[in-house]
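Biologist: I would like to learn how to read helix packing and pockets in a model. Please take me through the features one at a time.

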Amino acid sequence: MPMLKIFVGTMYGGALDVAEQVMPLFEEAGYQVAIYDQPTLDDLTGSPTDLALFCVSTTGSGDYPGNIVPFVRELESQSPGLGTLRYGLIALGDSSYVDSYCGAGRSLDELLQGQGASRLGERLEVDAMETFMADDEALPWVEEWIEAQQLKVA
């Protein structure tokens, strides 16, 4: 059974809630799923990752939530090269912060691609100004993403 790892960057739990809500969709598609809410680079590279999903909130002025900062720092400093990694990304933000809207998700996306990883499809950006519960947007996006990227294995 292929492994999907969901990496979460969250301040108040919204991104973790999204990860927990979309998990059953991947299980139904035939994946073994693990959620990492205190992720490390070893979680990504230490064992096979067939597919990754990043659910990342933005804090402050486009900053990463504290729980994912060590992962990002390791990724930046170790430059592991992620040429085989296929991933999706759900960025949570607030468009009232115009200059930093979904800044953490956008920065992580650039960082992953800079390491050679391949994003499958478009990044989902969920605006807290328009969507009260992020999973209301994330669930249909994940269903469509699994279908469009032909990720179903079961």
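Modeller: This is a predicted model. Start with helix α3, residues 69–78, and helix α4, residues 103–114: they pack at an angle of about 30°, and their axes lie 11 Å apart.

Biologist: Are α3 and α4 roughly parallel or roughly antiparallel?

Modeller: Angles under 35 degrees count as roughly parallel, so α3 is roughly parallel to α4. The crossing in which α3 passes α4 is left-handed.

Biologist: Which residues of α3 and α4 meet?

Modeller: From α3 come Phe-71, Val-72, Leu-75 and Glu-76, and from α4 come Leu-108, Leu-111 and Leu-112. Sorted by class, this contact of α3 with α4 has six nonpolar residues, one charged residue and no polar ones.

Biologist: At what angle do α1 and α5 pack, and how far apart are their axes?

Modeller: The angle between α1 and helix α5 (residues 135–148) is about 30°, and the axes are 10 Å apart. With that cut-off of 35 degrees, α1 and α5 are therefore roughly parallel to each other. Here α1 passes α5 in a right-handed crossing.

Biologist: Which residues of α1 meet α5?

Modeller: On the α1 side they are Asp-17, Val-18, Gln-21, Val-22, Leu-25 and Phe-26. Their partners in α5 are Asp-135, Ala-138, Leu-139, Val-142, Glu-143, Trp-145 and Ile-146. The contact of α1 with α5 has nine nonpolar, one polar and three charged residues by class.

Biologist: Now the pockets. How much space lies in the largest pocket?

Modeller: The general idea is that rolling a probe the size of a water molecule over the atoms shows where empty space is left. In this model the largest pocket holds about 510 Å³ of space.

Biologist: Which residues lie nearest the centre of the largest pocket?

Modeller: Of the 26 residues that line the largest pocket, Ser-57, Thr-58, Leu-92, Gly-93 and Ala-128 lie nearest its centre. The elements giving two or more residues to this lining are α1 (14–28), β4 (86–93) and β6 (124–127). With three residues, α1 gives the most.

Biologist: How does the lining of the largest pocket divide by class?

Modeller: The lining of the largest pocket has 12 nonpolar, 10 polar and four charged residues.

Terms used: Residues are numbered from 1 along each chain as its sequence is written. This is a predicted model: local features need pLDDT of at least 70, side-chain atom pairs count only at pLDDT 80 or more; totals for chains, interfaces and linings use all residues. Side-chain values use heavy atoms; hydrogens and water are left out. Axes are lines fitted to C-alpha atoms, for helices over the stretch in contact, and angles run from 0 to 180 degrees between N-to-C directions. Helices (H or I, at least four residues) and strands (E, at least two) are DSSP runs, numbered from the N terminus. Angles under 35 degrees count as roughly parallel, over 145 as roughly antiparallel, 65 to 115 as roughly perpendicular and the rest as oblique. A crossing is left-handed if the near helix is turned anticlockwise from the far one by less than a right angle, and right-handed if clockwise. Contact means heavy atoms within 4.5 Å. Ala, Val, Leu, Ile, Met, Phe, Trp, Tyr, Cys and Pro count as nonpolar, Asp, Glu, Lys and Arg as charged, and the others, Gly among them, as polar. On a 1 Å grid over the protein atoms alone, a cavity is a set of points where a 1.4 Å probe fits but cannot get out, and a pocket is an open set with protein on both sides within 12 Å along at least five of seven lines; lining residues have an atom within 4 Å of a point. Grid points are joined across faces, edges and corners, and a volume is the space filled by probe spheres set on the points.
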